[in-house]
Amino acid sequence: MNETRPSARVRTAADMASTLRIGLFADVQYADKPDNPWRDEFGRARLSFFRGALSNLGDALSQLASHSGPGALAFTIQLGDIVDGYKDDAARGEQDLATVVAELRKYPLPRLFHVIGNHCRYVPLPVLKRELGLEKGTYYSFTPEQHIEWRFIVLDASEVYPGAIDATSEDETQFQAACERCQVPQIQRDARNGAVTKQQLEWLESEMCVAQKRNQTVLLFGHFPLYEHASCTSHLLMNASEVLAIMDRFEPHVLAYFCGHDHVGGYAVRNNVHHITLQGMLEAPVGTNAYAIASLHRTADVLDSAAIDLRGFGTVPSRVLTKKRSELV
Ligand SMILES: [Zn+2]
């Protein structure tokens, strides 16, 4: 085999243009419970396939793992609510989590990252962190070695969740404080969605500073939607405005925010950043599925060349998402 030392290589056009592919899915919400027909706040008839979600998950993972060679996925990320859980039964929640984790381990995905969702918090946090490999922290960032132009930031949008099975009075205090700071209308507060702490906001700001210094393009992932036109308002992160304010300050570097939670899905552009709410796997009838493969493109030195070719499967629509040059500063 002929080997060439990296320093001696002539860089080709292909080297200069960075492309990587990632897999995404949201709201598996597996539970050993019967199917549940229900009506949402808009009177729409909905159907949750709690057991069927496991079958959809297996099919999606099998497809995602089948990509190999140059088309292999750099990583896959699940966007939260991997189990439905039980508000007052931690043991059953843990059992369902063990079942879904066993399913995940059947497939040789190169790397699988996890986002924590509100339903995940019906499993005690130490168990959740251990089972999902998040012992070092529930919010984190990473940059694949071969793709230094990218920075992937994972938020824990359920960091403050007063409905968690192990919630304390401190969670309630932090929840109320976040709502107060953002002057969240009462009707939205009543949804009692998650919030992020000031500490996590400071960390996000520092991550964005690093991205700016390194001329990186950022993709953010979290469970709760941040923008009301990409979701219904009852599903938003409580202190979404604080996260959006940070994204606004670093807008030229931020390409997109991917989330779940609102199973209907949604999409909108806000301040030149794409907000994609992925359709929930739980509500995809068995055999139809809900997941996506995103091909991420960026020319090495050109920040505003960043784009995403999102290929949706099942209920997830396909989209091409580009960064508009005119709005770059
Ligand atoms: Zn959720």
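Strand E10 (residues 266-270) and strand E11 (residues 273-277) pair in an antiparallel manner over 5 bridges, where strands are DSSP runs of E with at least two residues and helices are runs of H or I with at least four residues, both numbered from the N terminus, and where pairing requires that DSSP finds at least two bridges between two strands. The model is predicted, and local features need pLDDT of at least 70, side-chain atom pairs count only at pLDDT 80 or more, and totals for chains, interfaces and linings use all residues. Residues are numbered from 1 along each chain as its sequence is written.

**Hairpins**

- Strand E2 (residues 36-39) is joined to strand E3 (residues 45-48) by 4 bridges in the antiparallel sense, with Trp38 opposite Arg46 in E3.
- A hairpin is formed by E2 and E3 with 5 residues between them, and Gly43 in its turn has a positive phi of about 80°.

- E6 and strand E7 (residues 150-154) run antiparallel and are joined by 3 bridges, and Tyr140 stands opposite Val154 in E7.

**Packing of H7 with H8**

- Helix H7 (residues 198-213) packs with helix H8 (residues 240-249) at an angle of about 15°, their axes being 10 Å apart.
- H7 is therefore roughly parallel to H8, given that angles under 35 degrees count as roughly parallel, over 145 as roughly antiparallel, 65 to 115 as roughly perpendicular and the rest as oblique.
- H7 and H8 cross in a right-handed way, a crossing being right-handed if the near helix is turned clockwise from the far one by less than a right angle, and left-handed if anticlockwise.
- Leu201, Leu204, Glu205 and Met208 of H7 make the contact with Glu242, Val243 and Ile246 of H8, where two residues are in contact if their C-beta atoms, placed from the backbone, lie within 7 Å.
- The residues of this contact of H7 with H8 comprise 5 nonpolar, no polar and 2 charged, with Ala, Val, Leu, Ile, Met, Phe, Trp, Tyr, Cys and Pro counted as nonpolar, Asp, Glu, Lys and Arg as charged, and the others, Gly among them, as polar.

**Packing of H2 with H3**

- Helix H2 (residues 52-65) and helix H3 (residues 90-104) pack with their axes 10 Å apart and at an angle of about 20°, so H2 and H3 are roughly parallel to each other.
- The crossing of H2 with H3 is right-handed.
- On the H2 side Leu54, Leu57, Gly58 and Leu61 meet Val100, Glu103 and Leu104 in H3, and the contact of H2 with H3 has 5 nonpolar, 1 polar and 1 charged residues.

Technical notes. Axes fitted to C-alpha atoms, helices over the stretch in contact; angles between N-to-C directions.
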